[in-house]
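Thank you all for making the time this morning.

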Amino acid sequence: MKVEILYPEFCNLFGDMFNMKYLKKCLPEAEFVETLLDETPKFVSEEVNLVYLGPMTEKTQEKVIARLLPHKAKIEELIEKNVVFLFTGNAIEVLGKYIENEDGSKIEAVGIFDVYAKRDMMHRHNSYFIGTYDGIEIVGFKSQFTMLYGDNSNCYFAEVEKGIGINTESKLEGIKKNNFIGTYLLGPFLILNPLFTKKLMIMMGKENPELALRDDVVTAYNVRLKELKKI
Amino acid sequence: MKKSFRFYIALWGAKAGTVLLKLLRRNATFFPGRFALKICPDFMGRIDKPKTILAVTGTNGKTTVCNMIEDTLKENGIDFIDNKYGSNIDAGVATTLISGASLLGKAKKDLAVIEVDERSAPKIYPYLTPTYLACTNLFRDSIMRNAHTEFIAEILTKYIPKDTTLVLNGDDLIVSTLAPENKRMYFGIERQEFDEDQRESLTRDFIVCPKCNTKLVYDFVRYNHIGRAHCPKCDFKSPEIDYAVTNIDLEKKKMTLKTHEGEEVYDLISDNIINIYNMLTVITMLKQIGLTFEQINGGLKKQEIVDTRFSEDEVEGVKIITHLAKGMNPIACSRAFDYVRKYKGNKAVILFLDDLHVAAHDSENIAWQYDADYEFLNDDSIKQIIIGGVRYLDSYVRLQLAGIDPKKIVHQRDELSALDKLKLDGIDTVFILHDLYSIELKDATKNKVEIMIRSRVAQKEGQVEK
């Protein structure tokens with residue numbers, strides 16, 4: 001089993017790399033490979049079970065778009081083949097149509113999904129989140145300068161119970177197409193969501209997956225879920 | 001900007017409000033400024049300011065640096081205004097300017113020392129031009145407010161007035177590349193012997209050359225992106241240092257500062273590298289307004305780091321050290337963890353890092369825990385770690401992911417009850433690491449640890465008598 005972490009030297013703003021460190025503890029036999037920004041992604045030529053991309057700065061988004069654009073067809077092919085992708089925070093924006101600045105200027109993105117992002121750099125959105133994905137209650141936090149627009153009603157990741165979806169008017173969070181999952185939830189998302197992590201491992205092809213520190217992460221998850229429901 | 005009718009209404013209203021608040025024995029450190037800005041949004045641009053403004057910004061250390069500058073000025077009989085008891089955002093700065101102005105809006109003093117929150121740059125610098133602005137460092141901070149260092153550096157570069165002379169940490173590449181058009185000078189600490197005992201930090205936010213995008217080569221890393229680096233492809237490199245600490249003698253508690261004028265040996269008031277950086281910032285700033293070595297060192301050496309940030313006591317042969325480790329500020333926590341790791345002897349560590357304001361009515365975003373180097377606490381000299389508070393389960397997971405043996409960890413919701421499990425046998429120092437808003441809890445914890453140490457000694461003596 002192989003996991004590819006894209007551009008970890010840049011796309012790791014909010015402790016997100018611990019998603020992969022935790023996954024590695026859950027999948028000790030798996031190979032985790034890091035692809036740096038000046039390298040060609042491994043998924044182009046090798047079989048991978050998961051491609052992970054974390055949140056990044058606005059300048060880095062432009063660099064990542066430039067790196068991924070030549071591989072647009074390959075990414076689309078892998079999504080069709082049910083390869084698992086997990087994009088957290090603003091990473092999903094690089095695969096949309098474009099990112100719009102406050103002055104109306106646009107940064108053309110990779111263009112795989114029919115959505116676009118709008119930046120508002122002086123107003124940061126912060127919220128907590130409860131939603132449901134495939135019967136699993138997802139918890140987490142959002143902290144972002146952008147909102148995503150477009151119709152994700154046929155390709156959303158989670159139905160929102162508390163918090164916002166891809167924008168303040170939306171109750172549908174993220175993008176999910178086959179096994180591609182993109183969500184604005186950031187930070188140690190997999191540690192906060194052990195039930196989802198187990199599901200993710202099954203999607204990756206792991207039979208009877210075991211969670212690392214199972215009792216402790218599940219207890220923390222249950223406490224947080226209860227706490228967030230009360231707020 | 002001219003003083004308008006609206007300005008005077010704002011000024012007089014704020015002045016009257018200040019008197020009223022004082023009569024009611026309430027703090028008048030924020031609301032007068034807020035009132036003035038509400039009535040007259042460009043109030044700060046219209047009020048007269050002291051001739052010289054020393055401003056300090058940066059992620060960590062700005063309060064300590066301002067306190068030290070102020071205490072040194074007082075020691076030398078120099079009069080000034082400051083926002084020591086006010087907030088460091090626009091309303092707090094406005095309050096300070098109001099208190100330092102006459103009823104006609106004229107500045108009553110010639111010098112101001114102003115701490116400026118870096119995120120408040122767009123609301124402050126269009127109206128206030130610091131003569132000298134020191135930037136201590138720029139690190140990851142509150143995710144919710146500050147987002148990331150690139151964002152903060154960009155707003156500082158955009159809003160710092162062009163006439164301000166910058167006093168910058170030359171060991172911090174994010175800081176040293178701020179507002180490149182401005183006149184500037186750099187302070188820094190040359191590589192020291194103790195720098196060899198470094199562990200890789202989890203985060204480093206300056207990794208590629210800003211000129212040609214090539215991966216930088218770090219000549220040495222002190223922590224995170226603090227160190228010296230150069231680009232292997234172009235001429236970009238860490239700046240030449242104007243105020244350089246060349247030697248730190250921790251035993252003699254001295255540091256040697258080399259400037260363009262020569263060398264001076266200062267008394268250290270702390271052995272913690274973050275405080276040595278703070279001292280260096282203070283010295284560099286005070287030299288700009290003409291203070292001599294004798295005036296600066298004479299003022300500094302009488303100072304102590306304030307008790308709410310650091311304290312050290314000894315009870316029956318066991319040290320108790322309290323150390324501020326601002327929750328949600330991963331680098332401040334990492335520095336505290338590193339200090340604990342390097343401190344000699346066997347240690348027990350009590351961690352109360354929850355943000356109690358957030359804990360009261362919200363759910364803390366714990367992402368910062370995964371940018372903080374909890375791994376530094378994975379050290380043989382640390383025998384026990386006690387964690388309490390709302391986020392005790394999250395902290396327990398984080399400590400285990402740092403590779404720390406769960407047998408070493410006590411985790412309990414109630415902080416003071418968790419202390420009952422403190423094991424003092426063989427412990428030389430008990431560290432209490434606490435958040436900025438946990439001062440009462442810190443004091444209660446310290447009291448309880450003192451009692452536990454004393455009762456343990458009394459028990460032992462009782463056993464000997466029997």
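I will begin with the two chains, go on to where they touch, and finish with some details.

Please keep in mind that this is a predicted model, in which local features need pLDDT of at least 70 and side-chain atom pairs count only at pLDDT 80 or more, while totals for chains, interfaces and linings use all residues. Residues are numbered from 1 along each chain as its sequence is written, and chains are lettered from A and ligands numbered from 1 in the order in which they are written.

Chain A has six helices and 14 strands, where helices (H or I, at least four residues) and strands (E, at least two) are DSSP runs, numbered from the N terminus. Its C-alpha trace spans about 50 × 45 × 30 Å along the principal axes. The radius of gyration of chain A is 17 Å, which agrees with the value near 17 Å for a compact globule of 231 residues; that radius is taken over C-alpha atoms, and the globule rule is 2.2 Å times the number of residues to the power 0.38. Of those 231 residues, 49% are buried, a residue being buried if 20 or more other C-beta atoms, placed from the backbone, lie within 10 Å of its own, exposed if 12 or fewer do, and partly exposed in between.

Chain B has 16 helices and 17 strands. Its radius of gyration is 23 Å, close to the 23 Å that the globule rule gives for 466 residues, so chain B is as compact as a globular protein of that length. The C-alpha atoms of chain B fill a box of roughly 80 × 60 × 45 Å along the principal axes, and 49% of its 466 residues count as buried.

How do the chains meet? On the side of chain A, 29 residues are in contact with 20 residues of chain B, contact meaning that the C-beta atoms of two residues, placed from the backbone, lie within 7 Å. Helix 1, strand 8 (125-133), strand 9 (136-144) and helix 6 (214-230) of chain A each supply at least two residues of that side, and the largest share, eight residues, comes from helix 6. By class, the side of chain A that touches chain B has 16 nonpolar, six polar and seven charged residues; here Ala, Val, Leu, Ile, Met, Phe, Trp, Tyr, Cys and Pro count as nonpolar, Asp, Glu, Lys and Arg as charged, and the others, Gly among them, as polar.

Helix 1 (residues 17-26) of chain A is largely enclosed by the rest of the structure, because seven of its ten residues are buried. Those buried residues are A:M17, A:F18, A:N19, A:M20, A:Y22, A:L23 and A:C26.

Within chain B, is B:A112 buried or exposed? B:A112, which lies in strand 3 (residues 111-115) of chain B, is buried, with 24 other C-beta atoms within 10 Å. From B:A112 to B:T131, 19 residues apart in sequence, the distance is 9.8 Å, C-alpha to C-alpha.

That is where I will stop, and I am glad to take comments.
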